[in-house]
Amino acid sequence: MAASPRTSPHPADFVEENLGMDAKALKESFLRHMEYSLGKDRYSATVQDSYSSIAMATRDRLIERWISTQQTYHKKQAKRIYYLSLEFLIGRTLGNSLVNLGLEGEAQKALSELGYSLEDLREREWDAGLGNGGLGRLAACFMDSLATLEIPAVGYGIRYDYGIFFQSIRDGYQVETPDNWLRLGNVWEFPRPEFSNLVKFYGRASTYVDEKGQTRHCWVDAEEIVAMAYDTPVPGYRNNTVNNLRLWSAKSTREFDLNYFNDGDYIKAVSAKSVSENITKVLYPNDNFFEGKELRLRQEYFFVSATIQDILRRYKNEHKDFRAFPDQVAIQLNDTHPAISIAELMRVLVDLEYLGWDEAWDITCRTFGYTNHTVLPEALERWPVDLVGRVLPRHLEIIFEINRRFLAELALLFPGDTEMARELSIIEEGEVKKVRMANLAIIGSHSVNGVAALHTEILKASLFKDFHRLWPGKFNNKTNGITQRRWLRLCNPLLSALISEKIGEGWTSDLFELRKLEPFAKDRKFRDSWHRIKRANKEFLAAYILDRNGITVNPDSLFDVHVKRLHEYKRQLLNVLHVVTLYNRIKDNPGKDFVPRTVIFAGKAAPGYHMAKLIIKLINSVSAVVNNDPRIGDRLKVVFLRNYAVSNAEKIMPAADLSEQVSTAGTEASGTGNMKLALNGAVTIGTLDGANIEIMEEVGKENIFIFGLDAEAVTRLKASSYDPMAYYNANPELKNVLDQIGSGYFSPGNEGLFRPIVDALLHQGDSYMLLADYESYIACQERVSEAYRDREAWIAMSILNTARMGKFSTDRTIKEYADEIWDVKPVPISL
């Protein structure tokens with residue numbers, strides 16, 4: 001008997017589970033995943049299983065929105081922004097997803113009824129540390145804001161098997177171990193083998209004549225590797241938008257070379273597969289000194305090639321030619337790492353799609369935007385020409401042609417200006433010819449932006465001054481931001497609840513709403529509530545420090561926080577000089593009334609950056625002396641928290657009283673740690689650098705502590721033969737501090753251990769001008785201590801810092817990108 005005909009069922013027809021947004025439905029989902037996804041019951045389940053179950057229950061509630069979002073973009077043929085970043089420092093996903101879905105309270109209730117704590121289970125999630133610091137964290141904040149603002153977007157990057165290394169501290173030294181963040185699986189990602197693209201390397205460039213007599217170019221005899229997609233849903237805040245983060249993982253094109261098996265050599269059979277997959281094995285640490293590493297170049301091209309193929313596949317599904325490409329596609333380059341995509345898009349359009357050069361170049365320039373993240377020339381990517389020619393032979397030809405045409409155009413506009421041509425050329429001449437990736441990015445993009453007002457001015461006036469002279473309209477500023485959903489609502493629930501009680505919850509999607517807090521800075525009752533919450537957060541961090549470091553700190557002391565990547569220009573060392581100065585003052589004046597202070601450091605140094613690692617050792621050595629000196633007691637404690645990451649940043653930020661932002665003026669592009677700390681009520685001590693200037697403009701000069709040389713003064717002093725020894729000899733207190741460090745006071749038994757640090761300051765030029773700023777910094781710290789004595793005034797400053805942080809939301813930043821660079825509109829999603 002024939003089966004009766006029926007229409008093909010929709011997958012939703014088979015979904016029996018209640019995907020409601022209440023505690024009862026979450027409990028049902030949790031128990032269902034525990035049994036059917038993990039094969040466990042309450043007797044055999046581990047804490048990790050329980051985390052996985054609530055994570056999958058949360059993820060389920062994203063899926064319908066995720067699918068509807070992609071379908072809506074397709075149906076409406078919406079212009080999409082493609083955000084290319086080699087780093088996404090995501091951190092943990094569960095808490096952020098619950099907040100954005102509005103499920104946090106219901107999840108707490110459901111888990112409590114099951115005998116679990118949401119906070120305990122959140123601690124089981126391993127940070128997705130796919131970035132080194134600010135660049136990657138900014139990319140993650142951008143993804144949150146893009147979804148919250150309902151802007152059609154896809155983030156593209158690399159699914160590193162090992163993220164930023166795990167930092168241990170042994171005998172005061174940083175020790176790096178691999179961060180195997182995937183060892184327990186990742187419930188938030190979806191493998192997409194159907195979206196796998198071939199990526200080529202090596203081989204040679206060739207030409208041929210087609211049937212129409214046209215000379216064509218091709219890339220032949222290349223090695224091939226498969227890029228396989230892994231997708232992660234990124235939900236917006238309290239809306240139906242769920243955008244996509246697509247990360248690429250390298251797979252070999254064939255599992256084994258059978259010829260080796262025939263020869264009986266198993267190791268060689270698997271070695272080629274292993275080498276292929278090494279491309280996405282590990283994230284390169286950032287030391288801000290560019291060095292041409294072949295694996296890094298291959299990583300950059302790997303994810304760029306896979307991404308460009310993916311973008312073109314999606315575009316060609318809806319369009320028959322490329323005339324509308326810039327009207328449908330906006331590609332933003334997060335620094336120079338993805339800049340090879342300009343040559344790659346040209347290769348695809350010219351070699352594979354057979355467009356003429358001029359048409360292809362017009363499309364390319366109208367499609368790309370470039371964000372610069374550094375003012376340090378040594379950090380700009382410059383690849384040896386020979387290396388590019390060997391790894392990407394056709395791309396080098398294309399880069400040469402882009403450069404030839406650009407220089408010809410430049411010669412018409414500025415005839416005879418050979419110096420300008422030399423500065424702007426993509427190819428840097430010298431003993432080793434190099435490809436300047438920043439120049440390629442500027443020439444091939446319609447927009448070039450800095451990430452803070454000062455940074456952008458430095459780009460225009462110094463780093464890229466001739467490009468600005470050529471194309472002044474191409475340069476613009478987009479001051480960085482942070483997402484308040486993670487960096488206040490999630491990480492500081494007590495303060496968030498107080499704020500929402502007073503002014504409502506509008507600030508979670510419009511941070512300028514925090515301005516409504518300003519009158520409460522004068523309200524004694526509100527200040528008391530604010531202080532109690534800050535005290536509770538400090539008690540929580542004090543318990544964390546005791547558990548992690550075995551150091552007891554006083555929650556009533558001033559929590560002086562310096563947390564960021566370790567680099568000389570960020571001047572953690574200047575803070576150490578203040579710590580030793582303060583230590584000496586307490587030791588020499590035991591009866592004086594000092595404001596108690598707990599100085600908290602955290603941050604990783606690149607494994608090969610020996611000076612930064614020695615500074616970590618110095619911090620820990622100073623900590624050991626200060627914390628164990630009975631003359632000092634609770635008046636000064638020094639803590640270095642190991643393995644700084646998004647998850648422990650979320651514990652530190654709410655507890656901070658003072659935010660250290662002390663980079664040499666003119667070296668920090670923007671900074672976002674300054675924003676996170678100020679948003680949580682910390683008062684900033686800083687130089688006129690990066691976004692500190694804009695924070696000062698927003699919070700008011702009376703609510704921030706500024707010291708030191710500004711960028712112009714730094715430039716003038718360097719030009720006038722800066723002499724650090726003059727500062728050393730003129731300041732007895734500074735001299736004593738440096739002599740202590742250099743003579744072994746903090747390294748008994750190894751007197752010369754820290755001599756290289758002192759030599760760098762006194763005899764090697766003090767590149768970041770610590771000694772020039774020391775006296776001003778010490779005086780400013782004295783003003784901080786005096787201000788902290790007045791509890792009511794300090795609390796008022798803290799409230800006003802939070803209240804005036806509206807500008808520093810990535811929601812504002814993304815709106816500016818969308819309106820002024822991408823020309824992309826929100827697309828609301830209906831279920």
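**Entry 1. Cores**

I began with the largest nonpolar core, which has 106 residues, and found that Phe-201, Phe-302 and Trp-822 touch the most other members. By nonpolar core I mean a set of buried Ala, Val, Leu, Ile, Met, Phe, Trp, Tyr and Cys residues joined through side-chain atoms within 4.5 Å. Buried is under 20% relative accessible area, exposed is over 50%, and partly exposed is in between (1.4 Å probe, protein chains only). Helix α9 (residues 294–316) gives the most to this core, 10 residues. Helices (H or I, at least four residues) and strands (E, at least two) are DSSP runs, numbered from the N terminus.

I noted that the model is predicted: local features need pLDDT of at least 70, side-chain atom pairs count only at pLDDT 80 or more, and totals for chains, interfaces and linings use all residues. Residues are numbered from 1 along each chain as its sequence is written, and side-chain values use heavy atoms, with hydrogens and water left out.

I then listed what Phe-201 touches, leaving aside neighbours within four places in sequence: Trp-219, Ala-222, Glu-223, Ile-225, Ile-279, Arg-298, Tyr-301, Phe-302, Val-391 and Leu-392. Contact here means heavy atoms within 4.5 Å. A second, separate core holds 74 residues, including Tyr-722 and Trp-794.

**Entry 2**

I looked up strand β13 (residues 368–371) and found both faces covered. Phe-368 and Tyr-370 are buried on one side, Gly-369 and Thr-371 on the other. In a regular strand the side chains alternate between the two faces of the sheet.

β13 pairs in the parallel sense with strand β12 (residues 329–334) over 4 bridges, and with strand β17 (residues 447–450), also in the parallel sense, over 3 bridges. Two strands count as paired if DSSP finds at least two bridges between them. Thr-371 stands opposite Asn-334, and its bridge partner in β17 is Asn-449.

I moved on to Asn-372, in the loop between β13 and β14 (382–384). Is Asn-372 buried or exposed? Asn-372 counts as buried because its relative accessibility is 0%. Its side chain makes a polar contact of 2.8 Å with that of His-455. A polar contact is a pair of N or O atoms within 3.5 Å; within protein, one must be able to donate a hydrogen and the other to accept it, and residues adjacent in sequence count only if both atoms are side-chain atoms. Beyond four places in sequence, the contacts of Asn-372 include Asp-335, Asn-449, Gly-450 and Phe-464.

**Entry 2. Positive phi**

I checked two residues against the rule that most residues other than glycine have a negative phi. Arg-238 is not a glycine, yet has a positive phi of about 50°. Arg-238 sits in the loop between β10 (223–235) and β11 (242–252), and is partly exposed at 45% relative accessibility. Asn-643 has a positive phi near 55° and lies in the loop between β21 (636–641) and α24 (646–652). Asn-643 is buried, with a relative accessible area of 11%.

I found an open sheet of 6 strands in the order β21-β20-β19-β22-β23-β24, with parallel pairing. Its edge strands are β21 and β24 (705–706), each pairing on one side only. Strand β20 (residues 597–602) joins β21 through 6 bridges, and Thr-598 has Lys-637 of β21 as its bridge partner. Helix α21 packs on the sheet, touching β19 (558–563), β20 and β21, and its direction makes about 70° with that of β21. Axes are lines fitted to C-alpha atoms, for helices over the stretch in contact, and angles run from 0 to 180 degrees between N-to-C directions. Helix α22 (residues 572–588) lies across β19, β20, β21 and β22 (658–661), at about 155° to β20.

Helix α21 (residues 524–549) also packs with helix α32 (residues 791–803) at about 80°, the axes being 10 Å apart. α21 is therefore roughly perpendicular to α32. Angles under 35 degrees count as roughly parallel, over 145 as roughly antiparallel, 65 to 115 as roughly perpendicular and the rest as oblique. Among the residues making the contact are Phe-526 and Trp-530 of α21 and Ile-795 and Ile-799 of α32.

Last, I looked at Ile-545, found in α21. Ile-545 is buried at 0% relative accessibility. Its contacts beyond four places in sequence are Gly-550, Ile-551, Val-553, Ile-600, Val-639 and Leu-641.
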